[in-house]
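Trainee: Could you take me through one part of this model closely? I would like to see how you read it, step by step.

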Amino acid sequence: MIFGLQPHVFFAFLSWPVIYVIIAIIMYFVMAAHDKKEEEWEKAYEEWEKSKAKGGETE
Amino acid sequence: MEIKILKNGYKMKDAYERLVKRSKHFTIENMDLLFYPYLLIEYDIDFGRRLEKLNERVIVMADMFRGGYSFARSRGSFARMEVEEETVMPVKMDRRKAIKEGPRTVYGEIMRKKKVLRTPDIEYIDDEVVYKPFYIVECTNEEGETFHILFDAVTGDFSLLNA
Amino acid sequence: MTEYIVLGIYLVGMIGIGVYWSKHTKNSEEYLLGGRSIGSVLTALTLQTTSMSGYMFMGGPAQAYKEGYFTLWYAVGDGGGAIFNVGILGKRMRRLSYYLGCLSPIEYIEKRYPGSATRVIAGAIAIVFVYGYVLAQFLSAGKTMQALLHVPLAAAIIIGAGVIVFYTFAGGYLAVAWTDFVQGIIMVASMVTIFVLAWGQVGGLTGLNLALTELDPTLTGMWGKGNMYQGQWGVVAGAVGVYLIGYMGLPHVVIRHMAMESPKLAKQTVVIATVWNQLFIFVPYIIGLMGILMLPNIDDPEMVVLTMAYELLPGVLAAIVLVAIMSAIMSTADAQLMLMGTMLGRDIYQRYINKEADDKQLMKVSRFCILAAGVISVIIALLRPPGVFSLVVFSFSTLGSSFLPSYVGAVWYKRGNTAGCVASMICGCITSIVWEAAGLASVTGLHTFFIGIMVSIAAYLLGSAIGKPPTKEIQDLMDRAACKTKIPTGLATANYKDIAPETNGVLTYLKESSYMEKRGFAAV
């Protein structure tokens, strides 16, 4: 018995919240890793931009 | 021909660097300007006296090549420029039709962004054709295959043209 | 008396927040974009509250009260819905919808599967079944008002619907993200309060389960009270599937993918929405189970949460729960009424009745339609009020059966074409209606959604195999949405959606002009 339920019933119904939260957290890290890459690319560019004389006029 | 353009914040060299910073695994072979036509249409939104605070002037940017409208945040700054004809994309849409259809975007923005049911009056103020500069960038990957990128010279956004 | 005062304070408070907010807003841009400045917590909560509706306070607990643990299959599906949705449709769908240049979910279907039949059928199904939802909200509102005012159901429905329509009109423009947020907080707080108090009374989860087993062992079994669904995996698959994958067929959920403003917020939103879902989806069903013990002789199981509130809480707090239910109903109903108004105005009126209609007329028509929909709903509700639960689940499964293959196939199946889309919408919708109307679910042991989706998928595949394949242009766009290239990741993942429409325009120009040749480029 788990919380007064037969084990298979407990796992069938009440284990899901935990599983879903774990999946969501994994998704968070996967997405975060991707965002971080994007940020690095943007940062590399910004640094390069700072290091050069500012232009910005029409050619 | 001389056209009015939105000023480009990104020179060719800037665009080049921006792309190169993204990845080392490709080479840029060629890059050139292309001008995309828009109609900037100004409207006044009038919600009536009681909601005065919401009244304001807005700009709708009509895509004059494909049709389609977007809500512009601000006018931006302009320059006049002498360019070669084939780099200027033709205006394919009807100006009067664009002015007539523009308010739909404004209403759409109001309906979509917030639950505003009050119907404001929308008054046409002014319009003009301006061009936005883009770069067409030709690249090759490490296998030597060619692909193209479209680079927005005003904002620095870019996207793949063909994959 | 207390109830009147609390409800009065609540309504005044909601309008107050709206007025305060509109006074402290500098211009209409800030006002219109209210939602944009708020962080991921608020975004997640408001998204969830608008979709929760009266069902969570009435239909769900009632079903658990009647069938026992079996009903939790719905919760199991619902809890994972968001994850599935984002995982399968997610970015691809967002990219494709921008490449196609469309804003509404019906427009998306129409552009991906071009043809006038697509638009007519998709529009009709969406309008009818979103309306089913609205009707369910009105019924819930009526029941709440009945408990509040102690008047006959008919009068209560008229009052409840009146409040909603009034709120949609008058409150509409005041209803900013913050009112949704406050409503959300009230809803969760009351649900959790009842849950905690009842938890104590039944002796926690273990106490609840032991007592239920003692009362009737089948209540805590896998197959429902009296083992009514013994061995019917088709029913289980349908119940889980309705909310697990059914979300992907719902126009008003799919639109959120298309509107996802900041990709960087998405990751927080997924986590918060999922955690929130676990709390707010399982809890109402379990409260329904607790009701079996605490209120064994209740007349109308849909009133289980409300009755429990009155038994467990002092008058004022019980009244707040009533308000919470109205909140849930109002925040869902006004969004859906708006959606319907827009669809009727743009897709029906402008397309078929008055092609020359300008936008102002269109907006007026939309408003009139909202009002008309309100009146008609009241009449239908008065004639024959079905259960809230069955109406919501039925609308949900029909929308899911009709649209799911088309939405999923749109990004994942390159052969998927107009014929397949039309066939799946028609077959899915009809199967769902017939199955429900003839009561075949209990006879065959196959849930309406399960059979509906199977038929719909089969029709989609068959239609796609027979009909003309999608144009080269659409196939190219799909490839782009899928990023099927040997292009360095740093470039391929650049996600600047703002220039997506221009990209298509430029591509057309480059193909039809001599630009590439003259400027020394390779052909595109």
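Mentor: Start in the loop between α11 (204-215) and α12 (233-244) of chain C, where N227(C) lies. Keep in mind that this is a predicted model. N227(C) is not a glycine, yet its phi is positive, about 50°. The cut-offs are 20 or more for buried and 12 or fewer for exposed.

Now step back to the chain around this loop. Chain C has 25 helices and 0 strands. Of its 524 residues, 55% count as buried. Look at contacts in chain C with a separation of 6 or more: 81% of them join residues 24 or more positions apart.

Next, take one pair of helices. Two packed helices are described by the angle between their axes and the distance between the axes. Helix α8 (residues 116-149) and helix α16 (residues 315-353), both of chain C, have axes that come within 9 Å. Those axes cross at roughly 155°. Angles over 145 degrees count as roughly antiparallel, and therefore α8(C) and α16(C) are roughly antiparallel to each other. Their crossing is left-handed. Which residue classes make up the contact of α8(C) with α16(C)? It has 19 nonpolar, 6 polar and 1 charged residues.

F3(A) is found in the segment before α1 (7-14) of chain A. F3(A) is not a glycine either, and its phi is positive, about 50°. With 14 other C-beta atoms within 10 Å, F3(A) is partly exposed.

Technical notes
Residues numbered from 1 in each chain as written. Chains lettered and ligands numbered in written order. Predicted model: local features only at pLDDT ≥ 70, side-chain atom pairs only at ≥ 80, totals over all residues. Axes fitted to C-alpha atoms, helices over the stretch in contact; angles between N-to-C directions. Helix = DSSP H or I, 4+ residues; strand = E, 2+ residues; numbered from the N terminus. Parallel < 35°, antiparallel > 145°, perpendicular 65-115°, else oblique. Left-handed = near helix turned anticlockwise from the far one by under 90°. Nonpolar A, V, L, I, M, F, W, Y, C, P; charged D, E, K, R; others polar. Contact = placed C-beta atoms within 7 Å.
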